[in-house]
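Hi,

Here is the structure I promised to pass on. Have a look at it first, and then read my notes below.

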Amino acid sequence: MSQDSQHGKWTISDSEDEDNIIPPTPQKDSNKPSIKPDLERKPDKITTFFKTATHVNQTNPVKYESNPSPSVKRKRETEEAGWNLSSSDDETPTSALKNEPKKSKVSPKRKKTEDKRPPSPHGTSYYKEEPADFFETNLLSMNDMYRFYLNKVTGIPKKFNTGALHIKEILSPMFGTLKESAQFNYCFDIPWMVEQYPPEFRDKPVILVHGEKRESKARLIEHAKPYPHICFCQVLSFLKMMLLWYEEGFRVIILTSNLIRADWYQKTQGMWMSPLYPRLPEGSPETAGESPTNFKRDLLEYLEAYQAPELAEWIDRIKQHDLSETRVYLIGSTPGRYQGPAMEKWGHLRLRKLLSEHTKPVQNEEQWHVLGQFSSIGSMGLDKTKWLAAEFQRTLTTLGKPGKSLVYPSVENVRTSLEGCPAGGSLPYSIQTAQKQLWLHSYFHGWHADVTGRSNAMPHIKTYMRVSPDFTQLAWFLVTSANLSKAAWGTLEKNNTQIMVRSYELGVLYLPSAFNMSTFPVEKNVFPASSSSKGFPVPFDLPPQRYSSKDQPWIWNIPYAQAPDTHGNVWVPS
């Protein structure tokens, strides 16, 4: 059936959420020589095809076919950079949930369409080599107070990258003499990833912790054949984390980027980088080296939940190191149904517990705003009382009951971005979900990030925070892989005696009490970064700007043909 609305005439499928949608796949005009914005030219039409599997090292890896095989997978690798999504964009089947109590009756299975992810239309020729001065050569510009960093973005003024981090820098000798690494991620471009390691570390052992199955797993293994130092650990996991073991110690990085080039090119991403953890003295008890935030215990518990023998050595290494300097709290989600004390271990109830235990009342607390910023939106229900303004609001507004602002890119944000419409491939809000929750759109605010020079770098980062009425102070800040979805955060069941979580997520929570502060001041001059700054580097502009009457949230499977994007294309899904 169809429905008329402010977004035009929508075609509605029987799919229940965005996770079941077959999204549009635009094709880029390969004859365009430049990525320079040109909004006056006659637009080219972006058509919809699915791509055949190709190897990343082929001369022309971008090939399309109009009649793809039904076995086309939801996620391709490498050259489809930027279009693969985090776990909170996918609903884990209920059968995969752990700790699920026995049911007295069997619920009928809902119809689920095949989930496919589109390839990126850019192709390898889109990416330009960064100049030599793009990368940092020392740590002088780094602000290590909060250890929260944005990724470098190609195509913006240099000052807005001074103090941001590229993966090449993270893996460089600046941070330690690397002996071995573990890469947890949702999507890998193995040849590209290997090139990000400096030559002196390029053959050091790497374990890739992935969630691939069947054909996509076979392709991943095939792409790793030229690299004998790479091994694999297959788990039901899509979080993004690096474990780096050095001669000098150990480091943890929790980030929002996939290990593909597009995610490190012209998108806004974020990460928390731990201090360099020293090794504990021989014979230290397992409880040694704990931080005031219990980060070591929580990280070990999270890794042990995988029950993966391949991770046993890494678990032992963490036990052998001193993590006492950690000032953040770990917020994780793992699929399952949890009751009793276990309810507060994962998802938004974990966040609620920490906020209730470690935050203090602030003046005019009922006027403090809650901001959520994300790159994907799940099904919230027919009205706000079903989840968002009920259990989730209770968690986020532990300090009071203010209004909420949701920061999500508008159509105009995407159209005028560095990538143009293809940036919308990493913003998978579908019409099938949007048309069921028009009430949600009154919460939306656009993506504006002049403070970090990233207004035109569409966000793949996910952040949540509590900010003062004048937008100068933070009560808390969270960077995470969790998008705005019940799958990621969990939903209460059985009269609030049970919580169900459907996906793996990981993030870190900043609380002022862990920094001996009452609140975090918001940094007004994020870049160039300064080691003397005490302000928190919020990635986007405060206060956020509410959508105008003409703005619409980016919905990736309806057409936008009224005006061309920065590459002269319009978005016309077939």
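In the hairpin formed by β18 and β19, five residues lie between the strands, and Phe471 takes a positive phi near 60°. Please keep in mind that this is a predicted model.

β18 (residues 462–467) and β19 (residues 473–480) pair in the antiparallel sense over six bridges, with Lys462 standing opposite Thr480 in β19. β18 also has a partner in strand β15 (residues 369–373): these two pair in the antiparallel sense over five bridges, and here Leu371 stands opposite Met465 in β18.

Why is β18 largely enclosed by the rest of the structure? Six of its six residues are buried, so the strand is largely enclosed. Lys462, Tyr464 and Arg466 point one way from β18, while Thr463, Met465 and Val467 point the other way.

Next, the helices. The axes of α6 (residues 347–358) and α7 (residues 388–396) come within 8 Å and cross at roughly 35°. From α6, His348, Leu351, Arg352 and Leu355 meet Glu391, Phe392, Arg394, Thr395 and Leu396 of α7. Sorted by class, the residues of this contact are four nonpolar, two polar and three charged.

Enjoy exploring!

Terms used:
Residues are numbered from 1 along each chain as its sequence is written. This is a predicted model: local features need pLDDT of at least 70, side-chain atom pairs count only at pLDDT 80 or more; totals for chains, interfaces and linings use all residues. Side-chain values use heavy atoms; hydrogens and water are left out. Axes are lines fitted to C-alpha atoms, for helices over the stretch in contact, and angles run from 0 to 180 degrees between N-to-C directions. Helices (H or I, at least four residues) and strands (E, at least two) are DSSP runs, numbered from the N terminus. Contact means heavy atoms within 4.5 Å. Ala, Val, Leu, Ile, Met, Phe, Trp, Tyr, Cys and Pro count as nonpolar, Asp, Glu, Lys and Arg as charged, and the others, Gly among them, as polar. Buried means under 20% relative accessible area, exposed over 50%, partly exposed in between (1.4 Å probe, protein chains only). Two strands pair if DSSP finds at least two bridges between them.
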